[in-house]
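This briefing covers a ligand site and a contact between two chains. Please look at the structure below before reading on.

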Amino acid sequence: MKTVFSRPASLKDVATHFCPGCQHGLIHRLVADAMDHFGVQQQTIGVASVGCSVFLYEYFDIDVVEAPHGRAPAVATGVKRARPESCVFTYQGDGDLAAIGTSEIIHAANRGENFTALFVNNTTYGMTGGQMAPTTLPGQRSLTSPEGRDVALDGYPMRMAEVIAALDGTAYSVRVAVNSPKNILAAGKAIKKAFEYQLENKGFAFVEVLSSCPTNWGMDALAANERVETEMIPYFNLGTFKERS
Amino acid sequence: MTHDVFMTGFGGQGVLMIGNLLAYAGILEGKNVSYYPSYGVEKRGGAANCMVMVSDAEIGSPVIGAPSAGIILNQASYDLNIARFKPGAFCLLNSSLIDEGALKRDDLATVRLPLNEMALELGDARLLNMIAVGCYAASCQSVSLDALKGALKKVLPERNHRFIPLNIQAIDLGAAQINKG
Amino acid sequence: MSERQLVAGNIAVAMGALAAGCRHYFGYPITPQSDIPAYMSAELRKLGGTFIQAESEIASINMLLGASACGFRAMTSSSSPGISLKQEGISYMAGSELPGLIVNICRSGPGLGGIDASQADYFQSVKTGGHGGYRTIVVAPASVQEMYDLTILSFDLSDRYRMPALLLADSLVGQMKEALELKPYTLPSDLPAKEWAVTGKLWRSDQRIVKSLYLGEGELEQHNWKLWRRAEELKEKEQRSEGKYLDDAKLIVTGFGSAARIAKTAVEMAREAGMQVGFLRPITLFPFPEKAFAEATVSCKQLLCVELSTGQMVEDVRLSVARDAEVAFYGRPPGTGSLPTPEELFAQIQKHYGKGA
Ligand SMILES: Cc1ncc(C[n+]2csc(CCOP(=O)(O)OP(=O)(O)O)c2C)c(N)n1
Ligand code: SF4
């Protein structure tokens, strides 16, 4: 009989610190699945960022380097260039990747660095308590947009998967969600593909994952999941924006 | 004994080239050397200066306020620097381009040579710097003429090695101005 | 002995790094250090190493962090404004116990300043410009040969003490050419293996984690004391300085890097004039050669500190000398093209000589 739900070997058997209903844990699992799938756990070096996912090394049973806030793509560049035989991935939130680290992600993509970049878009700064992020939706309330994001003052949410896809150095750029079994399945496939791109030396692969932050959205897990479907996906369309063969 | 020389001109006159040459010649003779360049605002066309030290002893400062020898190749550099030299300093002036005028100093060991014309006579205006450094070396004897010539191989880019004989001729011509007394 | 070559200081740094086995360079253009990346880009290509002109100094220090975390000798170089941008990364490297070389060919400031030789980054280097309380090795070459030798030493010390090393110089030593002798280098056999470097787990069952985050009860405090102990060991074992004419000195002239070079000639002038003047130059700025200053001021009670700034190292000199010694200061923060001359410093020596306690 096929086991449908077992813990991937790359994932440690520990309880996570994530809030109830947070989808970071689920995304971790999909990343671990991908490592297991390709049998690369022992070759992988993860690069952690600063945000709720900072404890990457507590959950993944792999070697890890911790990067300063926003700089994971630069650190990963150093790692991958120094150890091209390794499998390298970054894992960043939206404040980390699309605000303070915009420059590093754009240029790593543009150089076509051969690593896998995971981008968790939850439309807020989770770890610091729910401030407005570059991905916060128009009208969305946050600690620093109490009346809701006013695009006239705060600008527009950034669609990073499209931005990254527009760069010639990018080999693969996709946006997925993990709010339904169907979407989880597609997300798992996309993450595997992004690892496959790296393992086949095809260049920079980017996966944006829409995720929930029930805590800072002020919702329960179910409502947060619903919001991904009704508010986020209409703005951040799911799809593949670049797929170099 | 430490020899210092301040070389100055405008970019393109080859000041930095002969500074390097002199320093390399010092190395070939087993001496300590320093070469310190400084440019004007623009690298080409602006002022180009360098200071070279050659010594049997350890070299302290690579720059000195009052130099004891100088090669001055154009008017602007002359106007700006002539007052700096130590009394008694050897000073080669390119009389093709320099009018000493009111700044003229009688307390220096001045040698005046029409370097532009001399270089043209040798067949290439660019040889002016080599004539100058030959004259300087013959006079101050910080390095031998042989070392200077030997250093050409080290500082000229490979593709210009075919011009070495001509450069040697220029160095000799400069030295002859001193040696003929 | 290898044949001596005429080499510029900046190039000597690059040659030293390659000799020390550094094969990973990350930088961003800024004057007056651009000869270093130019040389490295050509040479590393031939050697199959990594050269990246990054999008910023922030990115380049973090690339260095990554390559160093993998256990390789790696470096970046920049000049003052760029070094400011690297401070966050340097703090992370220090916190993560990572070695690595950061070269600062210091220019004048504050702000955009100018490209003249300056020593105004002493505080930033020695007292550390980043957050959190850490130490870095700081060396201050005063000759082209030292640009080469101290680059190599920096890599060795940095690996041994697991802390970043800064090489602090300026355009005087950077652009000056002198005779350079390439000494053959072998890795010190007692350097500890980098058993902390990430490689992918490979055959291991344990993880290697390079991080600066310690949130367990008391963990970060322990971590801080561990870093402190290492810095103390460094202070104990690695102070380096150059002294001359100290035995009978009635006045000691001190300074580091290019200012010391100029001062040395002024000291020779004083000796020729029959004055009993000594010379003491820190080679390592961290650890500061406290012992040498303490020793020298047992008998000599008067010092003159010369810097291309309004006075920074002079504070450490005052902390290191005997309590009854007096330290005068002469500073020349850079203005366009005007370095102090040896004659000018000799005049300062004359002014202070014999006037002390
Ligand atoms: C230089 C710097 N600035 C600010 C912070 C504080 N900080 C920590 S996490 C974070 C944002 C995290 O948000 P995000 O990247 O969206 O990740 P999430 O927590 O939502 O997963 C910020 C601003 C920091 N650590 N470093
Ligand atoms: S704050 Fe938000 S992103 Fe962070 S763990 Fe909690 S739910 Fe997840």
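**The shell around ligand 2**

Helix α9 of chain A (residues 214-217) gives the most to the shell around ligand 2, with three residues. Helices are DSSP runs of H or I of at least four residues, strands are runs of E of at least two, and both are numbered from the N terminus. This is a predicted model, in which local features need pLDDT of at least 70, side-chain atom pairs count only at pLDDT 80 or more, and totals for chains, interfaces and linings use all residues. Residues are numbered from 1 along each chain as its sequence is written, chains are lettered from A and ligands numbered from 1 in the order in which they are written, and side-chain values use heavy atoms, without hydrogens and water.

- Around ligand 2 (a heavy atom within 4 Å) are residues including A:C19, A:C22, A:H24, A:C52 and A:C213.
- This shell holds six nonpolar, five polar and no charged residues. Ala, Val, Leu, Ile, Met, Phe, Trp, Tyr, Cys and Pro count as nonpolar, Asp, Glu, Lys and Arg as charged, and the others, Gly among them, as polar.

**Chain C against chain B**

- Chain C brings 22 residues to the contact and chain B 23 residues, where contact means heavy atoms within 4.5 Å.
- C:R4, C:L6 and C:K177 supply 33% of the area that chain C buries against chain B, more than any other three residues. Buried area is the accessible area (1.4 Å probe) that two parts lose on being put together, summed over both.
- Three salt bridges are counted between chain C and chain B, each a side-chain nitrogen of Lys or Arg within 4 Å of a carboxyl oxygen of Asp or Glu.
- B:K154 and C:E3 meet through their side chains in a salt bridge, at 2.7 Å from N to O.
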